[in-house]
Amino acid sequence: MRKVFMAVLLIGVVSLFAQIPVGTKSIGVTASIGDVMADDFGYTIGVSGGYFFMDGIEGVLGMRIQGTTADVIGDASSMVFDFTAGAYYHYPMGETFGFFAGALFGYQSGVLYTAADGYMYIPIDAGVEYFVTESFAIRAFNRFQVNLEEGADNSDYIMIGTVNYF
């Protein structure tokens, strides 16, 4: 038990010195694709920008396009836009690898496949970053989306993307 405690303590101490400093900015691109083996599938493409207002804590603003390849009838939506704002906590584990997690608040302009109005949601993200260079990283994360629309099911996405810190 003492060895496990020492390993956890050592990881914690090392990560304290590897924080992303205040004033760092970021620009990121993320995407996800639904079931590509199906005849019709959904996709998302998003961009985000961030600013570190504390060591390791980033304020994030983002915009995303969500669409489908399905044929829609009448006034139904085949593409919607959404906007998000929130914060991420970054936990670097060294020079090339780190974890991040956070929550955002979002608004989506409509509902795919229907003529319904927009709704609000809360995406909760958790994932890993692999730093290819000192300022460029590849992200893979899980996004659990709590939909605030009455009767709407929550959703879960696996997202991939890149981010550049400057």
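**Entry 1: the barrel**
I noted to begin with that the model is predicted. I then looked up how the strands are arranged. 8 strands close into a barrel, in the order β1-β2-β3-β4-β5-β6-β7-β8. Their pairing is antiparallel. On average, neighbouring strands of this sheet are turned by 25° against each other, direction ignored.

I checked β1 (residues 25–33) against β2 (residues 42–54). They pair over 9 bridges, in the antiparallel sense. Ser26 has Gly50 in β2 as its bridge partner.

**Entry 2: strand β7**
Next I followed β7, residues 136–147. On one side, 11 bridges join β6 (residues 117–131) to β7. The hairpin between β6 and β7 passes through 4 residues. Ile124 stands opposite Phe144 in β7. I also found 10 bridges that join β7 to β8, again antiparallel. There, Asn142 stands opposite Ile158 in β8.

Which residues of β7 lie on its covered face? I listed Ala137, Arg139, Phe141, Arg143, Gln145 and Asn147. The uncovered face has Phe136, Ile138, Ala140, Asn142, Phe144 and Val146.

**Entry 3: the cores**
I looked up the largest nonpolar core. It has 7 residues: Val60, Tyr88, Phe100, Leu104, Phe141, Tyr157 and Met159. β5 (97–110) and β8 (155–165) are the elements that give two or more residues to this core. Another core, of 6 residues, lies apart from it; Ile20, Phe52, Phe131 and Ala137 are among them.

Leaving aside neighbours within four places in sequence, its contacts include Val60, Phe100, Leu104, Arg139 and Arg143.

**Entry 4: the rings**
How many aromatic pairs does the structure hold? I read off 7. Why is the pair of Tyr89 and Tyr91 called tilted? The ring planes stand at 35°, so the pair counts as tilted, with the centres 6.4 Å apart. Tyr89 is partly exposed, at a relative accessible area of 38%. Tyr91 is partly exposed too, at 26%.

Phe100 and Phe141 make an edge-to-face pair, 5.5 Å centre to centre, with 70° between the planes. This pair links distant parts of the chain, 41 residues apart: Phe100 is in strand β5 and Phe141 in strand β7. Both Phe100 and Phe141 are buried. I also found one aromatic cluster formed by Phe52, Phe131 and Tyr165.

**Entry 5: charges over rings**
Last, I looked for arginines over rings. Arg139 lies over the face of Phe100, 4.5 Å from the ring centre. The charged end of Arg64 sits over the ring of Tyr157, 5.7 Å from its centre.

How values were computed: Residues numbered from 1 in each chain as written. Predicted model: local features only at pLDDT ≥ 70, side-chain atom pairs only at ≥ 80, totals over all residues. Heavy atoms only, no water. Core = buried A, V, L, I, M, F, W, Y, C linked by side-chain atoms within 4.5 Å. Buried < 20%, exposed > 50% of the residue type's maximum accessible area, 1.4 Å probe, protein only. Contact = heavy atoms within 4.5 Å. Pairing = 2+ DSSP bridges. Axes fitted to C-alpha atoms, helices over the stretch in contact; angles between N-to-C directions. Phe/Tyr/Trp six-rings, centres within 6.5 Å; stacked < 30°, edge-to-face > 60°. Lys NZ or Arg CZ within 6 Å of the ring centre and 35° of its normal.
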